[in-house]
Amino acid sequence: MESPATIEPRALEHGDLLAHDAVPAALISMRDIWKTYEMGEEPLHALRGVSFDVQRGEYLAIIGPSGSGKSTLMNLIGCLDTPSQGRYWINGKLVSEMDDDELAHIRNKEIGFVFQTFNLLARATALHNVELPLIYAGISSADRHERAKNALSSVELSDRMMHRPNELSGGQRQRVAIARALVNHPSLLLADEPTGALDSHTSIEIMNLFERLHAEGNTIIVVTHEPDIASRAHRVIAIRDGQIEKDEKIR
Amino acid sequence: METELLTETALERRAPRRTGPRLEPPRRRRRLRLPPAFYTTWESLRIALSSLRANKLRTALTLVGVVVGVAAVIAVVTIIKGLDQTVASTFSSQGSTVFTISKRPSVITSREDFIRFNRRKDVTQDDAESIARLCNLCWRTGIAANAQATVKAGDRSSEGVRIRGLTLSMFAIEDAVVEAGRQWTDVEEAAGRDVAVIGPDVVDNLFDGAPFDRVVGRQVRVEGRSYEVVGVTERLGKIFGFSRDNFVEIPYPTFKKAFTARTSLIAFIQVPEEAQLTAAEDQARAIMRNRRGKTFREEEDGFTLETQDVFIDLYKSATANIYVVTIGVAAISLVVGGIVVMNIMLVSVTERTREIGIRKAVGASRRDILLQFLIEAVVITSIGGLLGVGFGFALAFVLAKAMGFPLLFSAGSAILGVSVSSAVGIASGLWPAWKASKLDPIEALRAE
Ligand SMILES: Nc1ncnc2c1ncn2[C@@H]1O[C@H](COP(=O)(O)OP(=O)(O)OP(=O)(O)O)[C@@H](O)[C@H]1O
Ligand SMILES: [Mg+2]
C-alpha cells in the first residue's frame, strides 16, 4: 500500500497528471475525473476531466450554473459515487482501492454531507435523523441523544426535535440535514447548497457556524449560487459544463 | 485497520476538534461501553418493529405460513405426548405379563380377514380350563366374554354398555379396584347369581352420579334380567375419547345363562414375571393347538394369541404416521411461509431503497444493512413462531379437553418452534438482505 508519509507535499497545477507511483499529500486529490451518464444515444458528460487538490483546513466554495456538475462532483468527493474515469485520492489513499468497510467508515466518521435534497429519513423524527450517523459509529444511545440534541440546538431546532421531516418547513429540513452532517464532528464538511432554503438571517447563522468549524481546523467545501456565501470561502472554484473554469484564492 | 490508521494519523490532524462550544457536551461522563455492533443491532430491531407496525396487514399475511407450520407441530407434539402418557399408564397396569387367547385378533384390518377369523372355532370355557390345568407356567387364568346391551335402572336407561362376563380371577389380572362395595364371591360366581360390579359411567348415567356406596345394593336390568349391584369400580377415565368406565361386569356363569348366543370368549393368562411370558405363551399355544388337532407345523393356529403389545404397536404406528404427516404439513407451510417472507422482504427492500441510500450515505456498511434486513426477516418469522406456539398449545388444549387426555406442555417444543421459524427467517431474509446491502449509495439515494 502506498504510504502518504513518504511523499513531499507539492503544489499542483490543474490537469497536472501524477506519475502512477506518486501519491498526493493533499486531503483531496482529483486527477482527470470524468463522470459520464449513458443516456440513450449520446453519452452525457457531467464532468469532463476535473483535476484539483484541496489541502487540509481549506475553506472552498464551488460555484457554477445549474447543471454544470457541482452535485456530481460533491458526490464523488463524498465517496458516494464512483468516477467513470480518473483517479481520486482522499488523504493519500486511492478511493477506488478502498473496500466497503473503509468507505463506510470515511462516510461515517470523516465526512459530513449536507445534501442539496436533504435526504432525511421520512419516517424518523428530526432527532433520530441526526442520531443516524452516531448509530453507525456505535455510540451509546445516551451519548447519541445528547450529541444529537446539541447539534440540533446549534442550528436552532431544539423545539422541533420530535417532528418528522413532513412536519417541518423546507428551511427546517435543511437545518436538520446540516445538524446531521455536523453531529459526528467530521473533519471534512461537504455542503451542497446548504442555505438554498434558508432566509438571510439563518443563512448567516449557518455560515458563521461553518466559519467556526473552519477555525477549529476542519476542511469545508460548499457549493453555492450566492456570491455572499462564496465570498466567505478562501478559495473559489467555478465550474461550467463539467470543467473547471476558474480556481482562485480569494483570501 | 487501514481505516483506523487513516483516522488516527492524518485526518485527525486538526487542532481542537472536540472542543467546539455548541456541538460538544460540556463534559463526558463515563458510561458503560458496549460493542458498536450492539447499537446497530438495536437500531435494526427498532427499524424492524416500526416497519412491521407500519404495514400491519402485510405483516399478518406474511405470518400465516409460519404460524400454521409451527402451530401444527406444537399441537401434534403436545397431543401425542399426552396420548403417550395415557397409553403408557393404561397398558402398564396389565403390563407385559398378560397374554390372551381368543377367536379373533383385536385388530382386524380387512373384511377378508374378518371372514376368515370368523370361521374359526370359538374359544370355550373348556379351552380356558385346560390351559389352567395343563399350563404350569401360567400363573393366573381368567375368562372374559363380551356383549353390548342397554342397561336400565328405574325409568332410566343407557344404550351400548359393555357387558362383561368374568371369572373372579379377572379382577386380579386386570388389577381392577372396586372402590365401593365388593367383588362377587366364589359362591355367587359358582351359583351363577345375578350380581354385578358396575363402572362409574353407569352410576353417572343411571343413578345421576350418586355416591358409589349409595348405589351398592340397587338393581340394574339388562335384557330383562335384574342384577344386584355389589360393587362400583374406580374411575379410569377416557382414552382416545372413549370412556373406559362404561361397563357392567357379571360372573361368567351368569353371563353364559343370560347371553347364550354369544359364546366365544377370551382367555386371559398372566405370568408372575415378564421373563416367563414367552415360555408360557409357547406352552399355552401348544395346549391349544393340541386341542384343535393342529399337528403340522405349517398349519395355522386357528386361534389368536396376543399380548397388549398389539395395541401399543398399533398406537405407535398410528402416531408415527401422524408425525410424518405433521412434519410434512409443517415443512410445506414453513417453506411456503419462507417464500412469502422472502417476497415481502424483496418488496420492502425495493420500497426502502432511498432509506438504504441515506443510511449508507451517513456511514452504514454493507454488513449493517445486511443485518438490518436479516433481523427484520427473523423478527417477522419469530413473531410467527411465537404465535404458532400459542395457537398450537391452544389447539392441543381444546383437543385434550374434548378427548380427555392429560396436557403436557413442553418448553422444548416451544423453543424448537421458535428457533425453526427464526431459521426460516434467516434463510428467506438472506437474499433480500444481501440485495439491499449491495445497493450503490448514490443510485439508492436517487430512487423515488
Ligand atoms: N443520474 C443521472 N443520470 C443522468 N444524468 C445525470 C444524472 N445526474 C446528473 N445528471 C446530469 O449531469 C449534469 C450535472 O448535474 P448536477 O446535478 O451535478 O448539476 P449541478 O451543478 O448540481 O446543478 P444544480 O445547481 O442545479 O444543482 C446535469 O446535466 C444532469 O442532468
Ligand atoms: Mg446540484
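Visitor: Which residues are buried in H13(B)?

Guide: They are Thr353(B), Glu355(B), Ile356(B), Gly357(B), Ile358(B), Arg359(B), Lys360(B) and Ala361(B). Buried means under 20% relative accessible area, exposed over 50%, and partly exposed in between (1.4 Å probe, protein chains only). This is a predicted model, where local features need pLDDT of at least 70 and side-chain atom pairs count only at pLDDT 80 or more, while totals for chains, interfaces and linings use all residues. Residues are numbered from 1 along each chain as its sequence is written, chains are lettered from A and ligands numbered from 1 in the order in which they are written, and side-chain values use heavy atoms, with hydrogens and water left out.

Visitor: Okay! How many residues of H13(B) are buried?

Guide: The helix spans residues 353-361 of chain B, and 8 of its 9 residues are buried, so H13(B) is mostly covered. Helices (H or I, at least four residues) and strands (E, at least two) are DSSP runs, numbered from the N terminus.

Visitor: And what follows H13(B)?

Guide: Next comes Gly363(B), with a positive phi near 120°.

Visitor: How many residues of helix H1 of chain A are buried?

Guide: H1(A), residues 70-77, has 7 of its 8 residues buried, and this helix is mostly covered too. Among the buried ones are Lys70(A), Leu73(A) and Ile77(A). Just after H1(A), Cys79(A) takes a positive phi of about 60°.

Visitor: Where is Asp241(A) found?

Guide: Asp241(A) is in the loop between strand S9 (235-240) and strand S10 (243-249) of chain A. With 54% relative accessibility, Asp241(A) counts as exposed. Glu223(B) also sits in a loop, between strand S6 (219-222) and strand S7 (225-233) of chain B.

Visitor: New topic: at what angle do the axes of H12 and H15 of chain B cross?

Guide: The axes of H12 (residues 309-351) and H15 (residues 411-437) of chain B cross at roughly 30° and come within 9 Å. Axes are lines fitted to C-alpha atoms, for helices over the stretch in contact, and angles run from 0 to 180 degrees between N-to-C directions.

Visitor: How are H12(B) and H15(B) placed relative to each other, roughly parallel or oblique?

Guide: H12(B) and H15(B) are roughly parallel. Angles under 35 degrees count as roughly parallel, over 145 as roughly antiparallel, 65 to 115 as roughly perpendicular and the rest as oblique.

Visitor: Which residues in H12(B) and H15(B) meet?

Guide: On the H12(B) side they include Leu334(B), Gly338(B), Met342(B) and Val349(B), and on the H15(B) side they include Val424(B), Ser428(B), Trp431(B) and Lys435(B). Contact means heavy atoms within 4.5 Å.

Visitor: What about the axes of H5 and H11 of chain B?

Guide: H5 (residues 125-134) and H11 (residues 277-292) of chain B have axes that come within 10 Å and cross at roughly 135°. That makes H5(B) and H11(B) oblique to each other. Asp126(B), Asp127(B), Ser130(B), Ile131(B) and Leu134(B) in H5(B) meet Ala284(B), Ile287(B), Met288(B), Arg291(B) and Arg292(B) in H11(B).

Visitor: Where do Phe393(B) and Phe409(B) lie?

Guide: Phe393(B) is in helix H14 (residues 366-403) of chain B and Phe409(B) in the loop between H14 and H15, so the pair ties together parts 16 residues apart in sequence. Phe393(B) is buried, at 16% relative accessible area, whereas Phe409(B) is partly exposed, at 47%.

Visitor: Last one: what is Ser44(B) in contact with, leaving aside its neighbours within four places in sequence?

Guide: Ser44(B) is in contact with Leu371(B), Gln372(B) and Ile375(B). Ser44(B) is found in helix H2 (residues 36-54) of chain B and is buried, with a relative accessible area of 4%.
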